[in-house]
Amino acid sequence: MLFLILSHNFLIVLAAVSLAYLGFNVRVPLMRVVIGKRMSKEELSTYFTITPLFSIVSPLISGFIAQESYTIDFVVAFIFIIIVIPILFIIKSIVPLTEEKPITTTSHIPFKEYSKLMREDRSGLILPLLLAVNKFIFGTSFLYIPLYFTEIIKGSLLELGIMLSTETIAISLASSLSKFISDRLGNVTTLAMTRILAAITYPLLYFVKSPVIFILINWVGTLFIAMDNVPEVSVISKMKTANLSMSLIDSVSTLLSISSPIIALYIWVNISPATVFLLSLLVIIPSILMFKYKVD
């Protein structure tokens, strides 16, 4: 954040963004395994319902400030982070740690043992890879949504902030809905079904010219996308290879996503910007294959 405040040099900005992604991507897969092992499905639903609500106002504030100055936007974010860090330490010191539920840990299993477990249970390898391919396809299709919204649809930065805030509401609402469906249809079936629904929804943006309709369709698509949180964490965290399987989802999708900007830019320039959204339809193929793996 300091790098972004102090310099507009491309290499420094690149270093700043790289550090941010590094910290985020190292934390996410292991955090999801930890909460998946320590929380029941009901608790997971509550967790994924409440936590997104904390970021509803942030995009609106950011979009409003950014209209005046991006630097001020970064400064406000930096100050907020500095304030929050000591608060977290204070909370940790005054809130007693609850007794952890018994969990099956794989933290001391050698990598060779992980490989053996993967061979014995192919779903521990194939299912995460299918989820990773889905994330890569969606990520490529979504890459230029903010740019498309502001440059092609001519939405304002404030409207962009509204769109991002509505995404947060969709993520929050999706948790209880996905928990309800996965209890009846199973985690993997829910994952596959909601991926297919999202794959059908996002290409509708190809036909949209109005910022309001764009925000509405994006909200529905986000709702379907966010419905993976509870079933994905629930099913992967119960695997013997949970740590590796969850890491595979993020690592493989991140590795594949190296080509995302090139693919999306090529389509944007040589075909049309809106055609990028049609890539989401490819998600239907790996999602159908997911139905085969019943690991609930």
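Predicted model: local features only at pLDDT ≥ 70, side-chain atom pairs only at ≥ 80, totals over all residues.
Local features need pLDDT of at least 70 and side-chain atom pairs count only at pLDDT 80 or more, while totals for chains, interfaces and linings use all residues. Residues are numbered from 1 along each chain as its sequence is written, and side-chain values use heavy atoms, with hydrogens and water left out.

**Exercise 1.** Find which residue forms a salt bridge with aspartate 228 at 3.5 Å, and state which parts the pair ties together.

Step 1. A salt bridge is a side-chain nitrogen of Lys or Arg within 4 Å of a carboxyl oxygen of Asp or Glu. By this rule there are five salt bridges.

Step 2. The partner of aspartate 228 is lysine 135, with the closest N and O atoms 3.5 Å apart.

Step 3. Aspartate 228 lies in the loop between helix 11 (211-226) and helix 12 (229-237) and lysine 135 in helix 7 (residues 123-142), so the pair ties together parts 93 residues apart in sequence. Helices here are DSSP runs (H or I, at least four residues), numbered from the N terminus.

**Exercise 2.** Decide whether aspartate 228 and lysine 135 are buried, partly exposed or exposed.

Step 1. Buried means under 20% relative accessible area, exposed over 50%, and partly exposed in between (1.4 Å probe, protein chains only).

Step 2. Aspartate 228 has 8% and is buried; lysine 135 has 30% and is partly exposed.

**Exercise 3.** Name the network that includes arginine 195.

Step 1. Arginine 195 forms a salt bridge with aspartate 228, the closest N and O atoms being 3.9 Å apart.

Step 2. Salt bridges that share partners join Lys135, Arg195, Asp228 and Glu232 into one network.

How values were computed:
Helix = DSSP H or I, 4+ residues; strand = E, 2+ residues; numbered from the N terminus.
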